[in-house]
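Please look over the sequence and the structure below before reading on.

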Amino acid sequence: MSEEKTNVMRILEQKKVEFCSHCYLESGAVGGVEVAEALGEKKENVFKTLVTVGKSKQHYVFMVPVAEELDLKKAAKAVGEKSVEMIKQAELLPLTGYVHGGCSPIGMKKSFKTTIDISAERLDRLFFSAGKIGYQIETTLDGLKRVVRLNTADIIKDGRED
């Protein structure tokens, strides 16, 4: 099966960022953890892209490892908001141009402030959606930073109560 080229791949090529694309369509993987397993990768290396809205009505993008949960308090603090909440699934496509399960931090309709969990700094390479269900991009954090305005912060729930 030949791989489809997504806009994310075109943007990375345009910016001369080295990357590999992976197709996992045949695996039937749906959730992020299943995608990591289909790719034969550690869950810590595969990131999901989450879109939120702040109290100011500004939208923010957060990237966290697939097995982790975004801590909304930490996320709000990371972007200087009083609070943030996940957007409704129905808002995702009109806002970003992506569907649930195929949302990439690269190539959204508008450029949003993007924060990736600090754990990404320890990785040689990371994976995230190529903008279409069934496709993932593998690149470095520096490669991603060449295409997306990106901050790092501790934004995942740590299991401890504050």
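Leaving aside neighbours within four places in sequence, Thr-49 is in contact with Val-61, Phe-62, Met-63, Cys-103, Ser-104, Pro-105 and Met-108, where contact means heavy atoms within 4.5 Å. This is a predicted model, in which local features need pLDDT of at least 70 and side-chain atom pairs count only at pLDDT 80 or more, while totals for chains, interfaces and linings use all residues. Residues are numbered from 1 along each chain as its sequence is written, and side-chain values use heavy atoms, with hydrogens and water left out.

Thr-49 belongs to strand 2 (residues 47–54), strands being DSSP runs of E with at least two residues and helices runs of H or I with at least four, numbered from the N terminus.

Among the contacts of Met-63 beyond four places in sequence are Phe-47, Ile-116, Leu-144 and Ile-155.

The largest nonpolar core has 29 residues, of which Val-51, Ile-106, Ile-116, Leu-126 and Leu-144 touch the most other members; such a core is a set of buried Ala, Val, Leu, Ile, Met, Phe, Trp, Tyr and Cys residues joined through side-chain atoms within 4.5 Å. Elements that each supply at least two residues of this core include strand 2, strand 3 and helix 5 (141–145). A second, separate core of twelve residues includes Leu-50, Leu-70, Ala-75 and Ile-155.

Definitions and conventions: Buried means under 20% relative accessible area, exposed over 50%, partly exposed in between (1.4 Å probe, protein chains only).
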